[in-house]
Amino acid sequence: MSSELGWITAGWLLGFAGFNAGLGVAWWRRTRAERRFLRGARKAVVDPIQAGWWLGASWKGASAQRERYAAEVAVRLLVLAGPAQVDGDGRISLAPGRHSAPEDPALATLAAGLRRDEGVTVHELLIEQRFAPFRTALEARRAPLRRCFGAYRVPALLAALVVSFGMSMNAMLLGNGFPGLSDQDPGWWTLLWMALWAALSLLAAAWPAEASRPWPMFTRRCRAALARALADESPETGFRVSRGAFPPPTSQASTAGASVRRPPDEPNDRTEHGDPAQLANDTADLDVDHDSGFVGGD
């Protein structure tokens, strides 16, 4: 490699390293408050409701900071503590007998809301106006962390493309051949710059994907804290609570069918094969009958 080519290579690679260093500084500054929170969280036990917020679901790979799973965790904790119960349809109500008010503010607010209702689902807790105080208490337990890592990999990959192509064209225009080849024709750069691009892209891919969950150590701590908090839970409680976390599919199908059904006294001029809209409604009614026996879980 000639000294001229060495200077060209060093200059462009330093530019690539400087760009990635700038991305690192940007990430460091944007996550300053989050890292401060995590340093404080290391000294205390992770709150299980906060853990439910961060985990987002019972399975790995779910999106972080999902209110529905935090509400599920709060309900399961209240059931485990004794003041509440959940039936097979996922409806939550106060358990019979006298129970002391929970010390946890979110659980106490939930128990107070259940006293004015015979039974609600998690989905209703999240949409009904009368449970707004519970949602406010739930939101206060959310960790001040971003849901995903952020867009750093894509700029790094674009920088790899610019550096590899720019360095190759720079070397070719100055008459430098590709190092290691017996034929030192500068025209080889028009093809072999892609090999350099591939190498730099591997380095750029070290940045996490944009949608990936940050702070893996905190994720592990949340998973362990939630497992400890619900260690004595009945195996069927989580399944029952999760059944009520989504809108009932039968009511959705019935509403959709009712919105397109013709009035009974509407004249039908397609009597030979039947009105397609009416046939579609009849099929929707059959789907409703099938869905009424659906059993789902977390």
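**View 1. Trp215 sits in the loop between helix H9 (189-204) and helix H10 (216-229).** Helices here are DSSP runs of H or I with at least four residues, strands are E runs of at least two, and both are numbered from the N terminus. This is a predicted model, so a quick note on the rules: local features need pLDDT of at least 70, side-chain atom pairs count only at pLDDT 80 or more, and totals for chains, interfaces and linings use all residues. Residues are numbered from 1 along each chain as its sequence is written, and side-chain values use heavy atoms, with hydrogens and water left out. Back to Trp215: this residue has a positive phi of about 55°, although it is not a glycine. Is Trp215 buried or exposed? With 15% relative accessibility, Trp215 counts as buried (buried is under 20% relative accessible area, exposed is over 50%, and partly exposed is in between, using a 1.4 Å probe and protein chains only).

**View 2. Gln65 lies in the loop between helix H3 (48-55) and H4.** Gln65 isn't a glycine either, yet its phi is positive, at about 60°. Its relative accessible area is 5%, so Gln65 is buried.

**View 3. Here is Arg135, a residue of helix H7 (residues 132-139).** Arg135 is buried, with a relative accessible area of 15%. Which residues does Arg135 touch, leaving aside its neighbours within four places in sequence? They are Glu67, Leu125, Leu126, Ile127, Glu128 and Gln129, where contact means heavy atoms within 4.5 Å. Thr109 is 26 residues from Arg135 along the chain, and their C-alpha atoms are 9.1 Å apart.

**View 4. Helix H1 (residues 3-30) and helix H8 (residues 153-173) have axes that come within 10 Å.** Two packed helices are described by the angle between their axes and the distance between the axes. For H1 and H8, the crossing angle is roughly 165° (axes are lines fitted to C-alpha atoms, for helices over the stretch in contact, and angles run from 0 to 180 degrees between N-to-C directions). H1 and H8 are therefore roughly antiparallel to each other; angles under 35 degrees count as roughly parallel, over 145 as roughly antiparallel, 65 to 115 as roughly perpendicular and the rest as oblique. On the H1 side, the contact includes Leu5, Trp12 and Phe16, and among their partners in H8 are Ala156, Val163 and Met167. By class, the contact of H1 with H8 has 14 nonpolar, four polar and no charged residues (Ala, Val, Leu, Ile, Met, Phe, Trp, Tyr, Cys and Pro count as nonpolar, Asp, Glu, Lys and Arg as charged, and the others, Gly among them, as polar).

**View 5. H1 also meets helix H2 (residues 32-41), with axes coming within 4 Å.** Their axes cross at roughly 55°, so H1 and H2 are oblique to each other. Trp28, Arg29 and Arg30 in H1 meet Arg32, Glu34 and Arg35 in H2. Sorted by class, this contact of H1 with H2 has one nonpolar, no polar and five charged residues.

**View 6. Helix H11 (residues 235-243) has Thr237, Gly238, Val241 and Ser242 as its buried residues.** They cover an arc of only 125° around the axis, which puts them on the same side of H11 (the arc is that of the directions from the helix axis to the C-beta atoms). These buried residues pack against helix H4 (67-81), strand E1 (84-86) and helix H6 (122-127).
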